[in-house]
Amino acid sequence: MPAKTAAATVTYLEAIADALRAEMDADPDVFLIGEDVGQFGGAFKVTKGFLDRFGPERVVDTPIAESGFTGLACGAALMGLRPVVEFQFADFISCAFDQIINNCSRHYYRTGNPIPVTFRAPFGARLRAGPTHSQSIEAYFAHVPGLKIVAPATPEDAAGLLISAIRDNNPVLYLESKYLYRRVEAPGPLSLDPVPIGSAKVVREGTRVSLLTYSVGVHQGLEAAAKLAEESISVEVVDLRTLVPLDVATITASVNKTSRAVVLHEDARRHGYGAEIAATVQEECFWRLDGPVVRIAAKNTPIPTSPQLEDAAVPQLPEIISTLRKVATT
Amino acid sequence: MEEEDNMANPRTGTRTRKPKAATVERDLAVRMFEVMALMRAVEDRMVTMYRQGELLGSLYTGHWHEAIAVGTAAALRAADVVAPLHRDLGVHLWRGMEPWQVMASFMGKATSPTGGRDGTLHYGRLDLNIINPVSHIPNNYPVATGAAFALRYRGTDGVAMAYCGDGSTGRGDFHEALNIAGVQHLPCVFIVENNQYSYSTPLTLTTASADFASKAAGYGIPGEKVDGTDVFAVHEVAVQAVARARAGDGPSLIEAVTMRMHGHAEHDPADYVPAELTDLWAKHDPVEECAARLIEQGFLDEDGVAAVRAQARATALEHRNKVLGMPMPEPDSEEERVYAS
């Protein structure tokens with residue numbers, strides 16, 4: 001398989017497609033299943049051209065049946081195949097909740113027989129898509145033993161983590177940001193080496209405060225850190241990349257250095273994934289902290305549609321900058 | 001004689017039973033009877049174990065489901081995949097599950113198929129191509145479509161067979177699995193074991209359909225209704241459905257009608273079932289009827305039948321005695337095996 005893609009620049013969306021295509025080229029046991037993934041190339045066009053390249057046996061258009069095709073994928077994975085399931089929107093994964101929770105997530109614990117399946121779920125807000133097409137779903141699933149969860153922020157990690165997810169022998173929920181699909185790009189050619197699951201990355205080094213975030217939050221965090229650098233406030237940005245299993249060592253190393261921690265995500269604040277990070281930081285770093293761990297998150301509301309409402313619901317740059325400034329300077 | 005109507009949803013009036021199906025060749029017929037007798041003996045033994053407090057929770061049995069379990073299992077090859085129910089001990093036994101392994105599951109033993117990580121009716125063995133079910137029936141219907149998909153994907157002519165009851169046809173997974181299997185022409189056979197009760201809920205509160213076999217029409221696949229107490233009749237329709245799937249002609253639905261002769265589980269006295277219904281079905285014990293057919297065919301004589309049943313009871317007791325002393329899991333192993341390496 002090619003170790004790199006050829007294009008001069010690669011978007012986040014293209015990185016997902018390139019990685020998926022490369023894995024399907026390399027491993028005949030990998031197949032793609034979901035709604036509109038074949039003839040239509042996917043609702044977001046991630047799998048454009050896949051049907052022609054791999055045929056209907058490996059690019060399976062299904063009826064609207066999230067529970068049905070999730071169960072199908074789990075059964076096929078149990079028999080040794082490596083399905084990649086595309087949920088058209090992460091919001092629709094709730095229709096497959098029973099299959100993922102009761103069947104898929106604990107089958108290995110129950111039986112010792114692995115289910116190597118990847119669930120691709122385009123998630124998140126900022127596209128004016130409203131309460132049932134903008135959700136962040138990580139907290140529902142992070143609670144469930146037996147699942148892994150990754151949430152890449154960059155084209156490099158989108159490719160590398162998808163490759164790792166497909167090769168992993170466990171069910172992996174791959175949270176792809178539909179907001180980032182065509183908004184971030186990386187210089188090509190792009191490496192198609194796997195990025196290890198369970199490994200966070202310090203994407204900007206700093207000394208005064210650690211911003212612990214993932215997906216869209218990484219880009220907001222880098223922008224905020226650049227602004228605050230003008231005020232000589234040094235922010236370290238940690239891209240978690242994997243939510244389960246959490247890379248506690250990278251988090252604690254950063255917080256022990258800066259003595260301050262802010263958590264940022266786009267999911268609702270209450271019982272959001274940030275609560276787990278904050279709890280972990282206080283357990284591991286309490287005596288090194290100069291202040292409380294602070295969370296920046298969406299309001300405890302559904303994600304509304306109108307721009308004025310949605311922008312009020314999810315974290316925006318001014319709030320992130322002011323929060324980081326306050327934490328860093330008190 | 002003309003049989004009573006026991007093939008129908010009470011909504012739909014009387015139906016006449018189909019004539020007795022042709023039998024099979026002797027060795028297969030005797031083998032089917034042996035496994036049916038063993039299923040009955042093991043479950044009767046486990047009822048005693050339940051009453052003696054030897055099991056952890058309740059006990060789910062398949063009395064009057066023996067012909068369905070064995071008749072369908074006997075239509076498959078070892079390389080085919082099954083996703084059975086808690087009424088289908090005969091499917092497991094047919095494929096080589098040991099009775100003590102099932103007892104061990106109901107006891108939470110370290111030696112159970114799940115090592116005590118799951119229990120009661122949640123057992124299976126993938127090495128025997130038996131998918132371990134969860135309680136969310138028919139959760140395994142979509143899973144079986146995946147097994148069928150994989151068998152075809154790998155270029156084999158293997159078939160997957162999935163089982164559910166009348167009650168679980170109400171869930172979306174029933175519809176989604178049949179719809180996907182139909183449109184993808186998957187090599188899958190779906191069995192609905194219509195035992196007339198979904199825990200306490202009768203057919204009249206489960207569906208307004210005349211029956212379950214007719215639901216197949218909605219998916220563009222064949223559906224057939226069969227007397228679930230007649231192992232040879234069940235076997236005959238299962239063989240046809242499996243042959244169809246194996247030939248690449250797609251899935252089928254089989255409704256096998258029987259009666260749940262024990263409670264939902266042994267804690268349930270099932271006093272909501274009218275006595276006349278159980279009295280009627282008591283006359284159609286699938287194991288007795290199979291024995292009578294073997295004698296009628298000259299495959300076994302009375303002594304031969306008695307010997308099979310005695311052997312089954314002895315095996316059940318021997319396995320019970322064997323399982324009692326087996327170890328329970330070590331507490332410090334609790335966190336192991338959450339993730340595969």
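# Notebook: a look around chains A and B

**Entry 1, Thr120(B).** I started at Thr120(B), which sits in the loop between H4 and H5 of chain B. I kept in mind that this is a predicted model. Is Thr120(B) buried or exposed? I found 20 C-beta neighbours inside 10 Å, so Thr120(B) counts as buried. I also looked up its phi, which is positive at about 40 degrees, although Thr120(B) is not a glycine. I noted this because most residues other than glycine have a negative phi.

I stayed in the loop between helix H4 (99-107) and H5 of chain B, where Pro138(B) has its place. The peptide bond joining Ile137(B) and Pro138(B) is cis, and I read an omega of about 5 degrees. Such a bond is worth a line in my notebook because most peptide bonds are trans.

I stepped back and found 10 helices and seven strands in chain B. Its C-alpha atoms fill a box of roughly 55 × 50 × 40 Å along the principal axes. Does the radius of gyration agree with a compact globule, or disagree? For 341 residues such a globule would have a value near 20 Å, and chain B has 19 Å, which agrees. I then looked up burial, and 54% of the 341 residues of chain B count as buried. Among the contacts in chain B with a separation of 6 or more, 73% are between residues 24 or more positions apart.

Next I turned to the contact between the chains, which takes 32 residues from chain B and 32 residues from chain A. On the chain B side, helix H5 (140-153) and helix H6 (172-184) each supply at least two residues. H5(B) gives the largest share of that side, nine residues. Sorted by class, the side of chain B that touches chain A has 16 nonpolar, 11 polar and five charged residues.

How many of the 13 residues of H6(B) are buried? I found 11, so H6(B) is largely enclosed by the rest of the structure. The buried residues include Phe174(B), Leu178(B) and Ile180(B), and also Asp173(B) and Glu176(B). What covers the buried residues of H6(B)? The cover includes helix H3 (66-78) of chain A, and from chain B it includes H5, strand E2 (160-165), strand E3 (188-194) and strand E7 (252-257).

I followed one member, Leu162(A), which touches Ile16(A), Ala19(A), Leu20(A) and Tyr174(A), not counting residues up to four places away in sequence.

I looked up how far apart the domains are, and the C-alpha centres of domain 1 and domain 2 of chain A lie 26 Å apart. Their contact takes 26 residues from domain 1 and 24 residues from domain 2. On the domain 1 side, helix H5 (138-142), strand E6 (148-150), helix H6 (155-167) and strand E7 (172-177) of chain A each supply at least two residues. That side divides into 15 nonpolar, six polar and five charged residues.

Ala200(A) lies in the loop between strand E8 (185-187) and strand E9 (201-204). With 21 C-beta neighbours inside 10 Å, Ala200(A) counts as buried. Leaving aside neighbours within four places in sequence, its contacts include Val238(A), Leu240(A), Thr250(A) and Ile251(A).

Pro245(A) lies in the loop between strand E12 (242-244) and helix H8 (248-258). The peptide bond from Val244(A) to Pro245(A) is cis, with omega near 0 degrees.

My last stop was Ser259(A), in the loop between H8 and strand E13 (261-268) of chain A. Its phi is positive, near 70 degrees. With 15 C-beta neighbours inside 10 Å, Ser259(A) counts as partly exposed.

Conventions: Residues are numbered from 1 along each chain as its sequence is written. Chains are lettered from A and ligands numbered from 1 in the order in which they are written. This is a predicted model: local features need pLDDT of at least 70, side-chain atom pairs count only at pLDDT 80 or more; totals for chains, interfaces and linings use all residues. Two residues are in contact if their C-beta atoms, placed from the backbone, lie within 7 Å. Helices (H or I, at least four residues) and strands (E, at least two) are DSSP runs, numbered from the N terminus. Ala, Val, Leu, Ile, Met, Phe, Trp, Tyr, Cys and Pro count as nonpolar, Asp, Glu, Lys and Arg as charged, and the others, Gly among them, as polar. A residue is buried if 20 or more other C-beta atoms lie within 10 Å of its own, exposed if 12 or fewer, and partly exposed in between; C-beta atoms are placed from the backbone. Domain bounds come from an automatic or database domain assignment. The radius of gyration is taken over C-alpha atoms; the globule rule is 2.2 Å times the number of residues to the power 0.38.
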